[in-house]
Amino acid sequence: MADQTLDAKGLNCPLPILKARKALKDVPAEGTLEILATDPGSVADFEAFCRQTGNELMEHSEDGGIYRFLIRKKAA
Amino acid sequence: MSAEEKSMSIIVTKGSLDWAYPPFILATTAAAMGLPVTMFFTFYGLPLLLKDLNLQLTAAGNPAMKMPMMGAHMGLPNLLTAIPGVDAACSKMMKNLMNKKGVAPIEELRELAVEAEVRLIACQMTMDLFEYSLDDMIEGPELGGAATYIEVATQSDINLFI
């Protein structure tokens with residue numbers, strides 16, 4: 001289980017990223033954040049977000065229009 | 001390459017409902033990705049800092065503005081956009097559409113920009129020209145002119161004019 005889950009379903013660009021950034025602040029270093037989203041653009045955006053910020057996109061998947069991302073926060 | 005080494009500035013020159021989005025979306029996202037961001041509000045971009053926003057758009061002169069309606073995309077001929085109330089109706093339709101599609105209101109993006117410590121500079125010349133004072137504006141903007149912006153721009157990796 002992830003340390004925290006963020007429900008970003010129904011939100012459009014750039015809200016899933018902005019809310020993920022906020023949620024990550026409360027996740028301990030090397031802890032995990034799970035994000036649920038319905039924005040199809042969030043796949044490319046979370047990949048880019050993680051490349052730029054140094055957090056690790058451990059996995060992402062799609063099931064019935066719901067995108068799930070698991071991000072591991074970088075070490076402090 | 002680490003994002004922390006990059007920074008961005010945006011000159012915000014337009015204050016209609018549609019044009020308010022690109023600068024605030026890019027500023028908040030860049031800030032979320034770790035970039036220091038500065039927004040310089042000038043001419044019609046300046047009112048985006050007013051406490052009370054009632055953003056409007058006009059379909060006049062914008063052939064690309066077509067709203068999804070009953071399975072088709074409908075635009076307005078320029079002549080009809082001159083009828084009183086049409087711009088207000090179009091603006092309301094756009095806001096309803098945005099709400100339905102989960103697009104954040106500008107007020108929310110602006111709050112997130114302030115929260116993310118985006119540096120907001122209100123163009124002093126525009127303040128004088130249109131007779132605004134900082135009391136009319138949200139908390140946070142500082143005053144500056146062209147030289148203030150140029151200094152920021154020389155230190156930024158990405159400089160956008162919107």
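In this predicted model, chain B has an open sheet of five strands, which run in the order β6-β5-β2-β1-β7 with parallel pairing. The edge positions are taken by β6 (142–144) and β7 (158–161) of chain B, and because each of these has a single partner strand, one side of each is left without a neighbour in the sheet. Direction ignored, neighbouring strands of this sheet are turned against each other by 25° on average.

Within that sheet, strand β1 of chain B, residues 8–12, pairs with strand β2 of chain B, residues 37–41, in the parallel sense and over five bridges; in this part of the model, B:M8 stands opposite B:V37 in β2(B). Helix α6 of chain B, residues 146–155, lies across β1, β2, β5 (119–123), β6 and β7 of chain B, and runs at about 145° to β1(B).

Now to the chain contact, where 13 residues of chain B are in contact with 12 residues of chain A. On the chain B side, the largest share, four residues, comes from helix α1 (residues 21–32) of chain B, and by class that side has seven nonpolar, five polar and one charged residues.

Which residues meet where α1(A) and α1(B) come together? They are A:I17, A:L18 and A:R21 in α1(A), and B:T28, B:T29 and B:A32 in α1(B), a contact that by class has three nonpolar, two polar and one charged residues. As for the geometry, the axes of helix α1 (residues 15–25) of chain A and α1(B) come within 9 Å and cross at roughly 30°, and the crossing in which α1(A) passes α1(B) is left-handed.

Technical notes:
Residues are numbered from 1 along each chain as its sequence is written. Chains are lettered from A and ligands numbered from 1 in the order in which they are written. This is a predicted model: local features need pLDDT of at least 70, side-chain atom pairs count only at pLDDT 80 or more; totals for chains, interfaces and linings use all residues. Two residues are in contact if their C-beta atoms, placed from the backbone, lie within 7 Å. Helices (H or I, at least four residues) and strands (E, at least two) are DSSP runs, numbered from the N terminus. Ala, Val, Leu, Ile, Met, Phe, Trp, Tyr, Cys and Pro count as nonpolar, Asp, Glu, Lys and Arg as charged, and the others, Gly among them, as polar. Two strands pair if DSSP finds at least two bridges between them. Axes are lines fitted to C-alpha atoms, for helices over the stretch in contact, and angles run from 0 to 180 degrees between N-to-C directions. A crossing is left-handed if the near helix is turned anticlockwise from the far one by less than a right angle, and right-handed if clockwise.
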